[in-house]
Structure formats: structure tokens, C-alpha cells
Number of protein chains: 4
Amino acid sequence: MTHAAPLSGVIPPVCTPLTPDREVDTASLTRLVDHLLEGGVDGLFVLGSTSEVAFLPDGHRRTVLDTVLGHVAGQVPVLSGVIDMTAPRVVDHVRVAVKAGADGIVATAPFYARTHPAEIAIHFRTIAAHAGIPVYAYDLPISVHSKLTADLLLELAAEGVLAGLKDSSGDEAGLREVILRRRDRDLTSFAVMTGSELTVDSALWMGADGVVPGLGNVDPHGYVRLYQAASRGDWEAARAEQERLFRLFPLVHVGGPHMGRSSSALGAFKAALFLRGVIDHPTTALPQIPLDADDIARVKDFLSEAALI
Amino acid sequence: MTHAAPLSGVIPPVCTPLTPDREVDTASLTRLVDHLLEGGVDGLFVLGSTSEVAFLPDGHRRTVLDTVLGHVAGQVPVLSGVIDMTAPRVVDHVRVAVKAGADGIVATAPFYARTHPAEIAIHFRTIAAHAGIPVYAYDLPISVHSKLTADLLLELAAEGVLAGLKDSSGDEAGLREVILRRRDRDLTSFAVMTGSELTVDSALWMGADGVVPGLGNVDPHGYVRLYQAASRGDWEAARAEQERLFRLFPLVHVGGPHMGRSSSALGAFKAALFLRGVIDHPTTALPQIPLDADDIARVKDFLSEAALI
Amino acid sequence: MTHAAPLSGVIPPVCTPLTPDREVDTASLTRLVDHLLEGGVDGLFVLGSTSEVAFLPDGHRRTVLDTVLGHVAGQVPVLSGVIDMTAPRVVDHVRVAVKAGADGIVATAPFYARTHPAEIAIHFRTIAAHAGIPVYAYDLPISVHSKLTADLLLELAAEGVLAGLKDSSGDEAGLREVILRRRDRDLTSFAVMTGSELTVDSALWMGADGVVPGLGNVDPHGYVRLYQAASRGDWEAARAEQERLFRLFPLVHVGGPHMGRSSSALGAFKAALFLRGVIDHPTTALPQIPLDADDIARVKDFLSEAALI
Amino acid sequence: MTHAAPLSGVIPPVCTPLTPDREVDTASLTRLVDHLLEGGVDGLFVLGSTSEVAFLPDGHRRTVLDTVLGHVAGQVPVLSGVIDMTAPRVVDHVRVAVKAGADGIVATAPFYARTHPAEIAIHFRTIAAHAGIPVYAYDLPISVHSKLTADLLLELAAEGVLAGLKDSSGDEAGLREVILRRRDRDLTSFAVMTGSELTVDSALWMGADGVVPGLGNVDPHGYVRLYQAASRGDWEAARAEQERLFRLFPLVHVGGPHMGRSSSALGAFKAALFLRGVIDHPTTALPQIPLDADDIARVKDFLSEAALI
């Protein structure tokens with residue numbers, strides 16, 4: 001398998017199942033990988049935000065990498081998040097990911113430290129210099145509180161520092177700017193993936209190469225159908241599938257105002273995987289508040305409505 | 001030495017000197033510790049924001065802890081930052097700090113992950129359950145994008161979870177609320193330290209116990225004089241000293257708009273320590289842009305003006 | 001002409017030409033209206049952000065209303081912005097707009113005052129109770145610092161308070177939520193217009209009724225072609241037109257970092273209209289910094305490139 | 001009465017009493033002015049945020065000006081807010097205030113429009129060119145979403161554009177920077193007033209000239225005692241008074257999470273004035289949610305505790 005073509009298709013960020021005492025549940029994780037592969041996904045992204053990477057100690061991160069890469073064994077590319085505050089810390093995670101056999105890494109802009117755009121460029125250059133495998137930029141302003149500009153991304157693409165972008169900024173005009181300017185500059189090997197799981201048809205319409213959908217854990221078949229419809233030019237079918245997934249999405253709000261929005265969304269994804277029989281426990285990492293029985297009942301209603309259970 | 005009394009006095013966050021190839025410069029770090037102790041400080045805080053903790057890999061963090069704790073050898077309390085995204089990752093740093101012999105740890109609210117106030121409480125409770133040494137909350141909204149409320153802090157103080165607060169929020173009314181409600185609830189062992197180095201006289205006037213001043217690396221004697229003047233009730237002298245330090249502070253802006261504000265401030269502190277002969281290199285960590293020769297010349301002007309060189 | 005059908009099509013926000021001494025240039029304004037009508041637009045929106053409404057005293061606002069409504073004379077619907085801090089002040093503008101003969105009004109959420117979602121609902125209900133003509137909600141978080149939720153909009157639509165939405169939030173998933181839930185609740189008379197001029201094809205694809213494009217002042221024919229292509233189902237042509245307009249759009253940045261982003265964009269629109277011979281002066285309102293000769297030369301380059309001069 | 005000396009002392013922002021049908025209650029307003037004058041205040045500030053200026057149509061604003069200026073008749077200086085989005089609109093309010101006889105005006109940075117620091121300077125220069133009476137800058141980032149820098153303020157002070165500052169930013173280090181640099185540049189006629197009613201003793205200690213306390217509506221005597229104690233150098237008494245007022249302040253939170261924070265605070269001030277017999281109705285302007293009976297009972301408890309009823 002070669003990765004000369006840019007990344008494309010459906011590459012879900014893989015949830016990290018935990019046991020009730022909050023160790024990585026490797027048996028469930030393996031089943032989740034099978035569930036996604038059986039759904040027809042084109043790659044996997046481990047240790048991203050949806051994987052609760054911010055809550056996983058380094059030991060857990062290593063277990064996830066080893067489990068997934070061992071099980072996938074090259075069937076599809078596996079990207080690894082290397083989420084940490086700045087390049088010198090990120091590089092430590094890169095070493096682990098490379099050693100485990102990841103096909104690419106995904107890094108955000110610096111966070112906690114307040115940096116300058118020129119420093120963000122140095123950050124990615126430093127990471128790439130240590131990686132030896134493709135580096136994808138993860139644009140996630142809601143977590144890191146800065147936005148990656150098209151100028152920066154395309155400069156780093158032209159330098160060979162970045163192999164692509166996962167855009168979870170929600171800024172569709174910004175996504176389109178990257179896509180159009182990539183075309184103008186003939187940076188065809190730079191992959192543009194959207195992380196906005198509710199506008200996948202329009203992102204693909206604009207020219208994006210694929211999607212990294214958190215909700216794809218729950219319904220990988222749906223996102224694969226969406227992508228395949230778009231690929232064959234059946235945009236009506238792509239839109240219909242997207243609208244169906246749009247109606248499933250509000251399960252992320254079942255936790256309501258009594259917990260963080262991340263906790264509610266991640267709890268709902270895990271509850272759905274539990275209810276679908278894919279993972280053994282819906283446990284989320286500390287300090288997240290767990291969904292209660294009523295919340296989980298509402299997740300079940302969403303799944304029933306979508307004929308997923 | 002017992003620490004039954006709450007923390008108080010001047011406890012500077014210790015810069016982390018680096019060699020030109022960006023390893024921890026332990027010789028310089030030891031001299032910096034001596035410089036601070038000679039200045040009369042009441043404690044040290046390593047691995048805080050001013051220590052470039054966001055830029056230090058775990059190996060560097062351990063080197064800093066071992067170097068400082070080994071050299072101080074109990075002369076003053078040494079607190080250690082345990083800065084990471086959420087409790088499960090923070091706990092790994094806590095273990096290292098405890099093993100190294102730290103007298104207390106300093107933890108922020110979660111960051112990167114979006115959390116709920118109830119989850120911030122669980123975060124601190126989880127950390128405290130693993131620490132076995134005093135836990136101080138570090139209120140730093142500019143880095144973590146949430147503010148610790150007086151309600152939360154005092155609840156955790158009453159539970160015995162928190163031993164104190166380092167308030168770097170810049171919210172002086174909020175600081176005063178904690179101080180007054182601490183008094184009302186007789187939580188006298190809960191230490192309140194300000195991290196706002198430009199309003200130390202007024203913070204002490206309101207009832208704060210001490211200060212954690214980044215600028216204290218450059219001029220520890222000044223902050224110690226300020227604190228001692230306030231302690232003996234000579235507020236005029238305290239104010240005069242604070243105003244003198246206020247005029248030294250703008251050295252943090254020498255880097256101008258061409259780098260991040262953190263880079264400029266940390267670069268200036270290190271340049272000043274280098275110019276004063278305390279450390280061997282003014283190197284800052286990647287991906288920060290270094291000060292140039294003109295910037296350093298301006299730091300020198302500030303030091304001359306303040307008769308510090 | 002009846003307006004029983006919801007608003008649709010291309011409804012540009014009309015720039016407000018000024019004389020060199022910063023009075024409303026009514027002759028230029030009339031020519032601008034003709035330019036837009038000749039371009040085939042479906043309606044006009046006066047006194048919006050692109051009209052520099054925040055910079056126009058009440059006397060100027062009245063002049064704009066009287067000039068445009070007198071000149072249009074019912075050829076197309078004319079909506080009027082009624083931009084002010086809260087309902088009691090907005091209502092004064094509503095009275096003027098109604099008296100002048102506006103076909104609808106456009107109001108934002110409260111600003112300056114910090115309000116609660118329930119208060120935003122009361123704000124719109126109060127406005128509608130005084131209007132007697134259709135009220136459109138203007139979602140513009142960048143100016144008013146709060147976001148209108150789908151819950152709020154659809155509740156007010158169902159109550160008959162709101163006739164539609166102009167969504168300038170840039171949140172395409174939020175726009176789609178309104179569109180899909182409007183369909184589910186059969187609120188077919190509630191118009192959904194996007195104000196995001198760079199994603200019009202995808203907004204129409206999702207089900208939006210039209211667009212309110214600031215750039216439509218410069219190239220109304222382009223937006224009309226885009227809308228008409230989408231209306232007849234020729235999405236390829238719509239996308240090609242959108243991509244062409246996308247490449248024209250960066251003229252808004254010619255002012256660079258030395259002025260506000262609004263000043264640069266509004267200055268560029270006016271410079272383009274001046275260069276195209278539509279208006280007599282490119283003057284913008286105080287306290288905006290004007291474009292300089294180099295900036296205007298760059299606007300000219302954009303127009304040449306787009307074959308608009 | 002001459003105003004050659006800079007403004008100083010206690011200058012409360014005057015609440016605007018309303019009748020149940022939300023007209024200006026001029027009889028109550030007159031009594032409120034008497035209540036404040038009897039409390040010993042040094043001036044009055046009408047049409048500020050605490051006056052619900054964002055909710056008052058122009059007609060109401062004029063009524064307030066005429067009522068207060070007519071009643072005060074020169075006993076103390078009366079400043080008028082001229083709150084609007086940008087200079088061209090502010091100037092209309094300035095004309096009304098000047099005609100009514102105001103002794104000075106108070107203007108914020110532009111809002112709604114996104115501006116550049118250089119444009120904020122032009123904004124204030126434009127206002128001053130039309131005023132002919134002293135212009136005070138009102139630094140209120142929570143409402144206008146930009147911060148006035150010391151550089152800007154002192155430049156405009158040196159130019160003679162600004163007569164002073166009302167600092168409601170909560171940034172005490174920034175306040176101190178203005179105070180110290182004012183001293184260095186010998187801009188002694190530039191008044192610095194704090195709007196932070198919980199840190200008045202420390203602001204005066206740093207060198208501020210006075211305070212504009214919203215809570216001063218409820219307890220003007222307290223703020224006057226605080227200021228007078230500081231003026232005679234009895235800082236212990238000033239602090240004790242400030243701490244007493246600090247404990248009264250949380251009445252602003254009685255409205256809880258079911259309304260905006262402004263609504264809760266302004267509702268509580270009006271309820272307190274009603275309960276103290278100063279005004280006839282606690283009515284707040286639309287679209288604010290009113291306090292309910294329980295909320296008002298809690299305001300009463302605060303007043304009882306403070307021996308104000």
C-alpha cells in the first residue's frame with residue numbers, strides 16, 4: 001500500500017473505549033475498529049479530540065496506538081493525533097506514533113502558550129523535521145484558540161511541511177479558500193479533509209477530499225454512503241444521506257446543561273456504541289460527568305429513529 | 001521545616017535556562033536559584049508558565065525538578081507546576097513531582113477540552129486524591145480560557161482539596177472576593193497568592209498572603225522589599241517599590257509585534273538574567289522567536305535605568 | 001405586488017455613497033440602485049452593516065430610506081435595517097422605516113447591553129409588535145457578540161414574530177439546522193437568506209432561499225447568475241460563478257493591517273463602485289481610515305482581472 | 001463654579017427610574033438626585049450603562065438630561081453619556097447634551113462596527129471637535145469589545161482631546177499604567193476615575209481621582225465615606241468601608257441565571273431604591289426580565305443586613 005495519493009474518503013476519529021475503572025478497553029477498541037472497517041471507512045484517526053486524547057495519559061495513548069495499529073495491520077491508513085501544547089512536547093508523541101507504525105500524524109497549533117503566526121509556522125516545521133511521515137494540520141480553534149490561515153497552510157504545504165489539513169473550524173469560507181488556492185498553486189498532494197460532520201456534502205462539493213466525522217463512530221455506513229454518492233456525482237443522494245445524519249446528530253446534546261458539551265457528545269457516542277453492542281462500557285474519562293440513565297434512554301431513541309438498533 | 005502555616009511571601013516562578021541547543025542548562029538554573037535565594041525569596045515555583053512549562057518535554061521537566069529540589073535542599077518550600085490538559089494527564093506529573101520531593105503542586109483548570117464548572121471541581125478532586133501534598137489552584141484564564149470562581153475555590157478549600165490559590169487572572173475584585181469570603185468562613189489555612197506583579201501592594205492591602213512574580217526573576221530584591229514593607233505596615237514604601245518595579249516591567253514588550261507576547265516577556269526575562277550574569281544563555285524554547293540584538297539592547301537600557309546592571 | 005411568498009433571490013445590502021464632506025450623496029445612491037436593479041436583483045436591503053449603518057446619524061438614515069424607496073417605487077421589495085442597541089431604541093427606527101414605506105425591517109439581537117436568550121426573544125417580540133410589516137432577524141455575532149439559535153428563531157417564526165432570517169454568522173451547520181427544522185415544522189413562509197457571500201451555492205443547495213451579498217454591490221450580475229443557475233438546477237454553473245466571485249472577494253483586504261477590517265471592505269466596495277463609474281466619490285464615513293491611492297490601484301487590478309472595468 | 005481642576009470624588013452613574021408603562025419617572029428621578037446629593041456626592045453621571053442608556057430612546061434621554069440638569073442647577077457637575085456606535089451618531093447626542101447644559105460628556109470606543117486603534121483615536125477627536133465641553137473616555141470592554149490602551153488615552157490627553165477616563169475595564173494594572181504615565185508626562189488635568197466599585201480604596205491608593213460606582217445609587221453615603229477617608233489618609237477606614245460595600249454588592253446577583261447579568265444588577269439597584277423609598281417603581285426597561293418577588297425579598301435582606309432599611 002502506497003500513500004502517494006492524498007488522503008481521501010471517510011476517516012473517522014476513533015473513540016477510546018474505557019473499562020469501568022477507566023483503563024483502555026482493548027477488546028472493545030478492537031471491536032470498534034472492526035465495526036468501522038466493516039462500515040467501509042478509508043482510514044482511521046486515533047488519538048484525536050473524539051478519542052478523548054486530552055484525557056488520556058501517555059500510557060493509555062500508547063495502548064491505543066499499539067492496539068489499533070496491530071489490529072488494522074495495514075488494511076487502511078491510520079493517523080495518530082499528537083496533541084500537546086507546543087512542538088517540543090509534541091515531538092515526544094511523534095516518536096511514539098512513528099515507532100508504533102502510524103501512517104501519518106495530526107497536530108494542532110500550539111495552545112496554552114500564546115503564540116504568533118510566525119511561531120505557529122515554526123511549530124509545524126519543528127514537528128515535521130522530526131516526523132519522517134506525513135504531518136496533517138488540525139485546525140480546531142474551539143480548543144486551541146487560534147485559527148490556521150490559508151496563507152500559513154499553503155506556505156507550509158508548498159514547503160513540504162504539511163501533507164494536509166483536518167479543518168474542524170466550522171469556517172466553510174476558509175475551507176473553500178484553502179481548496180481554491182491549493183488548486184491555483186497546483187498543490188495537488190495536499191489533502192483537505194473537513195471535520196465538520198454536518199456539511200460534508202457541501203465540503204465535498206467545494207472540493208474537499210474527505211471527512212473526519214465524530215458521528216462516524218456511531219454510523220460509519222452512513223458517512224461512507226454519503227462519500228460514495230458524492231464520488232459518483234449523485235449529489236442528491238449525498239444530500240439526503242447528510243440530512244439523515246443531521247437528524248441523528250442532536251444525540252450529542254442529551255447531556256444538557258449539567259455537563260460540558262464535550263462530555264455530552266463523547267458520552268453520547270460511547271452510549272450509542274454500547275447500545276449497538278460494539279463496546280462493552282459507555283464509560284468516559286475523568287473529569288467528565290457521565291450521562292445518566294435518562295440521557296442514555298434518549299440516545300436509544302435517536303438510534304431507534306435512525307434504525308441503528 | 002513544617003508548612004502548617006499557609007504559604008506566604010515572595011515565591012517567584014523560576015525561569016528555565018536553556019543551552020543554545022535547547023537542553024536544560026542546569027548550571028545556570030542552579031545559579032538562578034542562588035540568585036533568588038540570595039534575594040530573600042520565601043519559596044520557589046518551578047514549572048509554571050514563566051518557566052516555559054508549555055514548551056518543556058517531560059524529560060526537561062524532570063531535570064528541572066531534580067536540579068532545583070536537589071540544590072534548594074529544604075531551605076525554602078518548592079512548588080511544582082503540573083500543567084497538562086486534564087486530571088488523568090496531570091496525575092502523571094504529580095507522581096513525578098512528589099517523587100522528586102516537591103512541597104506542593106500547582107494545577108490549572110482543564111484546557112483544550114471544554115469542561116463544565118462541576119467537571120473542574122472533579123478535576124481538582126482527582127488531582128488532590130493522588131497528590132498527598134498541598135495542591136494550589138492556578139487561575140490563568142488567558143491560557144486555559146476559563147475562570148475559577150470564588151464559589152468553586154472556597155468549596156474546594158473547605159473540602160480540603162485545595163491548599164491555596166495563585167491568581168493570575170488580573171481580576172482584582174475576584175481576588176478580593178476570595179480573600180473576604182475566606183475570612184468569613186474562617187478558612188485561614190487557604191493561601192491566596194497573586195500572580196499579578198503590578199498590583200502587589202494593593203493585593204497585599206486587600207489581604208493576599210504573597211506574590212508569584214515573573215519579574216521577580218529579574219529583581220527578586222525589589223519584590224522582597226515590597227513584601228517586607230507591606231508586612232511591617234509601611235504601605236508608602238511598598239507603593240514606591242511597586243511603582244519602581246512597574247517602570248521596569250515594560251521590558252516585557254521589547255519583542256514588539258513580531259513575536260508572541262509570551263515570547264517577548266520570557267525572552268526579556270532571560271535576556272535580563274543573562275545581562276546580569278546570572279545565566280549563561282538567553283535562549284528560549286521552540287517555537288518561540290528569539291529577541292534580536294536591538295531588543296536585547298533595550299532590555300539593557302531598562303536594567304541600567306533600574307540600576308540592576 | 002404581494003409578499004405572501006417568502007423573500008428569495010439576491011437582495012444586496014446597498015452601500016451608502018457619501019460626498020467628500022460626508023453627506024449622503026443621493027445622486028450616486030440613485031445610480032447605485034439603478035446599477036443593482038439593472039443587474040437583476042430581487043430586492044434591496046438598505047441600512048445594513050454594508051451600508052455603514054453604524055456610522056450614519058438618524059438624519060442620514062432617513063435620507064437613505066426616502067431616496068431609495070422613492071426611486072424604487074415598488075419595483076422590488078426594499079428592506080430596511082433598524083440597527084440599534086435594544087428594542088426601545090429600535091422601535092424608533094422602525095417607525096421611520098414604516099413611514100418611509102419599507103417592505104420589511106431587519107433587526108439584530110441586542111448589543112452593548114448583555115442580555116439573556118429569553119430577553120432576546122422579548123426584544124424581537126417588542127419590535128414586531130410595533131412594526132406591522134415583516135421582521136427579519138439579522139444574525140451577526142461578529143458585531144453583536146451573541147448568536148441566534150435555531151430554537152429561538154423557529155419559536156419566533158412559529159409565533160409569527162419573525163418573517164425570516166439573514167444569517168451572517170458564518171455557521172453553515174447552524175444555517176442548515178434552521179433550514180431542516182423549518183421544513184420539519186412546515187414553517188414554509190419563514191425565509192432563510194445567507195449573508196455569507198462565499199458559500200452561496202452550498203447555502204442554496206442546503207435549501208436557503210437567497211443571499212444578501214455585500215460584494216453584490218460590485219458585481220450584482222454575478223450573484224444573479226449564481227442564483228439563477230442554482231434555481232434551474234445547474235449546480236456546476238452556480239459553483240463556477242461562486243468560485244469566480246470568490247477570487248474577486250479578496251479586494252476587501254486591500255486596506256491591510258493599518259485600518260479596521262470593516263473599513264477596508266467598505267472602502268473597497270466603494271472604490272470599486274467609483275472605478276466602475278457608479279458613484280461619484282469613494283468616501284467612507286468617519287472614523288474609518290480611507291483607502292490610499294495604492295489600495296485603490298489594487299482594487300482596480302481586481303476589477304480588471306474580473307473584467308468589471 | 002469652575003472646572004479647571006480635574007474631576008474627582010464620588011460621581012455615581014444615576015439610575016433612570018421608569019413608570020410601570022416604561023416612561024421616565026421624572027418625580028422619582030428628581031428624588032433620586034436629591035438622595036445622591038444628600039449623600040454628599042461630588043457630581044452625577046447620567047445616561048451611562050447603569051442608567052440603562054442602551055434601552056432609552058432619544059426622547060427618554062432628553063427627558064433625563066432636562067430633568068437632572070434642571071434640578072441640580074449647578075450644585076455639582078453633571079456628566080452625560082453619549083453612547084452610540086460611532087462618532088457621527090455620538091455627535092448628535094453631544095449636541096443634545098451640550099444644549100441641555102451638561103458639564104462634560106462620556107463616550108465609549110466605537111462598537112458594532114469593528115475598528116482599528118487609529119480609528120478609535122479619530123472617533124474621539126471627532127467627538128471632541130464637536131463638543132466644546134470636556135470629553136471623558138469610557139473604557140468598557142464588556143460592552144464595546146475593545147480596550148482603550150494607555151498609549152491611546154495619554155496621546156489623546158496630551159492633544160487636549162480627552163479630559164479624563166472612566167475605567168470600567170476591571171484591569172487594575174492598566175489603570176495604574178495610566179496613572180503613572182499621567183504623572184510622568186505631567187498631564188495633571190487628565191482625570192482618572194475608576195468604575196470598578198469593589199476596588200475603590202486600592203484605585204485611590206494608586207492615584208485615581210475618584211469613582212463612578214453603580215452601587216452608589218443604593219448607598220451613596222458609603223462611597224462618600226470611603227472617598228473622604230482615603231482623602232484624609234485614613235486608609236484603614238477606607239478599606240473597612242470598601243469591605244462593607246463589598247458585602248452589599250452581591251445583591252446584583254439576585255436575578256440568578258434566568259436573566260441577563262445586566263438585568264439582574266440594574267433590577268437590584270432599582271429594587272433597592274424602591275425599598276428605600278427613593279423611587280416609586282422598580283421597573284426596568286424592555287427587553288430586560290424583571291426581578292420577581294423572591295428576588296426582591298433577597299434585595300431587602302441585603303439592605304437590612306447593611307442597615308439601609
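Where in chain A is A:S196 placed?

A:S196 is in the loop between β7 and α8 (200–206) of chain A. This is a predicted model. A:S196 is buried there, because its relative accessible area is 14% and the cut-off for buried is under 20%. Leaving aside neighbours within four places in sequence, A:S196 contacts A:D167, A:G170 and A:E172. One of these, A:D167, belongs to strand β6 (residues 164–167) of chain A.

## The sheet of chain A

Strands of a sheet pair through backbone hydrogen bonds, either parallel or antiparallel. In chain A the pairing is parallel. Eight strands form an open sheet, in the order β1-β8-β7-β6-β5-β4-β3-β2. The edges are held by β1 (9–10) and β2 (44–46) of chain A. Each has a single partner strand, so one side of each is left without a neighbour in the sheet. Helix α2 (residues 58–72) of chain A packs on the sheet and touches β2 and β3 (78–81) of chain A. The direction of this helix makes about 160° with that of β2(A).

Now take the strands around β6(A). Strand β5 (residues 135–139) of chain A pairs with β6(A) in the parallel sense, over four bridges. A:Y136 has A:G164 as its bridge partner in β6(A). Four bridges also join β6(A) to β7(A), and these two strands run parallel. Here A:L165 stands opposite A:V192 in β7(A). Next, strand β7 (residues 191–194) and strand β8 (residues 210–211) of chain A pair in the parallel sense over two bridges. In β8(A), A:V211 is the bridge partner of A:T194.

## Side chains on two strands

In a regular strand the side chains alternate between the two faces of the sheet. In β6(A), A:G164 and A:K166 point one way. A:L165 and A:D167 point the other way. All four residues are buried, A:K166 and A:D167 included.

Strand β2 (residues 44–46) of chain B pairs with β3(B) in the parallel sense over three bridges. The bridge partner of B:F45 in β3(B) is B:L79.

## Two helices of chain D

How do α2(D) and α3(D) lie relative to each other, roughly parallel or roughly antiparallel? The helices in question are α2 (residues 58–72) and α3 (residues 87–100) of chain D. Their axes come within 10 Å and cross at roughly 25°. Angles under 35 degrees count as roughly parallel, so α2(D) and α3(D) are roughly parallel to each other. The crossing of α2(D) past α3(D) is right-handed.

On the α2(D) side, the contact is made by D:D58, D:R61, D:R62, D:L65, D:D66 and D:L69. On the α3(D) side, it is made by D:H93, D:V96, D:A97 and D:A100. By class, this contact has five nonpolar, one polar and four charged residues.

Most residues other than glycine have a negative phi, and most peptide bonds are trans. Two positions in chains B and C have a positive phi without being glycine. B:A73 has a phi of about 50°, and C:L47 has a phi near 65°. B:A73 is in the loop between α2 (58–72) and β3 (78–81) of chain B. C:L47 lies in the loop between β2 (44–46) and α2 (58–72) of chain C.

Which of these is buried and which exposed? B:A73 is exposed, with a relative accessible area of 61%. C:L47 is buried, with a relative accessible area of 2%.

Cis peptide bonds occur in chains B and C. The bond from B:L286 to B:P287 is cis, with omega near 5°. The bond from C:L286 to C:P287 is cis, with omega near 0°. B:P287 lies in the loop between α11 (261–275) and α12 (293–305) of chain B. C:P287 is in the loop between α11 (261–275) and α12 (293–305) of chain C.

## Chains that stay apart

Chain A and chain D do not touch. Their nearest C-alpha atoms are 12 Å apart. Chain B and chain C do not touch either, and their nearest C-alpha atoms are 12 Å apart.

Note on methods. Residues numbered from 1 in each chain as written. Chains lettered and ligands numbered in written order. Predicted model: local features only at pLDDT ≥ 70, side-chain atom pairs only at ≥ 80, totals over all residues. Heavy atoms only, no water. Pairing = 2+ DSSP bridges. Contact = heavy atoms within 4.5 Å. Axes fitted to C-alpha atoms, helices over the stretch in contact; angles between N-to-C directions. Parallel < 35°, antiparallel > 145°, perpendicular 65-115°, else oblique. Left-handed = near helix turned anticlockwise from the far one by under 90°. Nonpolar A, V, L, I, M, F, W, Y, C, P; charged D, E, K, R; others polar. Buried < 20%, exposed > 50% of the residue type's maximum accessible area, 1.4 Å probe, protein only.
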